[in-house]
Amino acid sequence: MLLRKIITSVKGLEDPEYPLLGPNLTGLYWFGLWQCGNKFRDGLFNFLHVCSLLFVVTEFIELYYMRNDLMKVLFNISVTALSLVSISKTVFFVLYLPYWRELVKNISKEENAALKSEDPVTKELMRNYTVYSRGITGSFWAVILLTNIVTITAPFLKYATVPIYREMIRNGTEPYPQILSSWFPFDKTKIPGYFVAVAVHIIMTTQGAGVVAVYDANAVAIMSFLKGQMMILRYKSQRIFGASNEIPRGEVLANIKECHRLHNFFLEQYSTFNSIISPVMFIYVLVCSIMICCSVVQLNMGEVTMSQKLWVIEFTTALAVQLFLYCWHSNEIAYESQGVDQGVYSSNWWRADVQVRRQVLLLAGKLSPSFILKAGPFTNFSMATFIDILKGSYSFYTLFTQMHENKE
């Protein structure tokens, strides 16, 4: 029931010109990533992007100033790392915007052409991955929205619900509650500097969370599209020679040509998507690997309060879920691409003459390679990568626990 409501709400953002990516492009437009040529609006958002980059720099400066307090460093480096991922997505998306435009244009053109066809199976496969994409987009946006609200309101809820904490702030023994930890060229612990800092933190938190939500949802939608195209290609290769009734030789050759065209289309879109997303994913894998290990350290330190432990667990879970989304869908593309050539062998190839069989054999060889997305030059996005990161984190946890016990 909840999933249906989410899908229905996302459907309100659909655009007939972009059957799959309509809601995702709307989200990218909201946060200034999808720029449509309005110089004033694009200029304002580019200024906001530059300010976001500078803000991430101030977070690292603040970490440097608190370097002697390990607890503060470990607690604040989590948010700083997430800010680094968010700004990397912003910067690389804006830099690669012409490639994103071309990718979206090609996807929409292919989908609109398929919708005009009379093939019910192709339409059903398209509908399945579109509905799936809508569900993922709506659910992910809802989770990020809730996380953003909790992040902004949590420090002030403590102020509103704990009388002792309010008294300590009044007598100066505790500073005013801060949403994030960043450096400012003025005193952020006293009014009016405090109000300026809170306003900046709210804007940066909302913008960063929004960028993560729309970027990841858009990437997952495109990965669902690539998987769906592999399923459509396998179906078309199975029907090269028709179903139960034999079809003319000219139609068979036209079907083979269509399979070649669709496979070439997939190769082009896969190559473009992989090249523009790979740098961001490389940073993301590194940050996730390091931050999960840092979270392990925090959870095993006696000075950590229960509320801080809950925050660490929530943050680590969120990182793992985002990483899982990419690894799972990339793995799905690899799985579907491995079996595409089986569609050729499942067809009624025995009906063909020798010349056509040669064409079919060439097609089967072309369809045989599998494809998987890459996270930089060193690793792939797959479930094996995800499991390796978790195994490495668990090994680090075991080692740290034994070292901690021996020290005591």
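Helices are DSSP runs of H or I with at least four residues, numbered from the N terminus. On that basis, L53 sits in helix α3, which covers residues 39-65. The model is predicted. Its chain holds 13 helices and two strands, and 49% of its 408 residues count as buried.

**Overall dimensions and contacts**
- Along the principal axes, the C-alpha atoms occupy a box of roughly 90 × 60 × 40 Å.
- Among contacts in the chain with a separation of 6 or more, 76% are made by residues 24 or more positions apart.

**Surface and charge**
- The chain has an accessible surface of about 20,900 Å², and carbon and sulfur atoms supply 65% of that area.
- There are 35 positive and 30 negative side chains. The centres of these two sets are 3 Å apart.

- N218 belongs to helix α8, residues 193-238.
- With a relative accessible area of 2%, N218 is buried, since the cut-off for that class is under 20%.
- Leaving aside residues up to four places away in sequence, N218 is in contact with L21, N24, L28, F93 and W100.

Conventions
Residues are numbered from 1 along each chain as its sequence is written. This is a predicted model: local features need pLDDT of at least 70, side-chain atom pairs count only at pLDDT 80 or more; totals for chains, interfaces and linings use all residues. Side-chain values use heavy atoms; hydrogens and water are left out. Buried means under 20% relative accessible area, exposed over 50%, partly exposed in between (1.4 Å probe, protein chains only). Contact means heavy atoms within 4.5 Å. Accessible areas come from the Shrake-Rupley method with a 1.4 Å probe; for residues, only the protein chains shown count as cover. Lys and Arg count as positive and Asp and Glu as negative; His and the chain ends are not counted. The place of a charge is taken as NZ of Lys, CZ of Arg, CG of Asp or CD of Glu.
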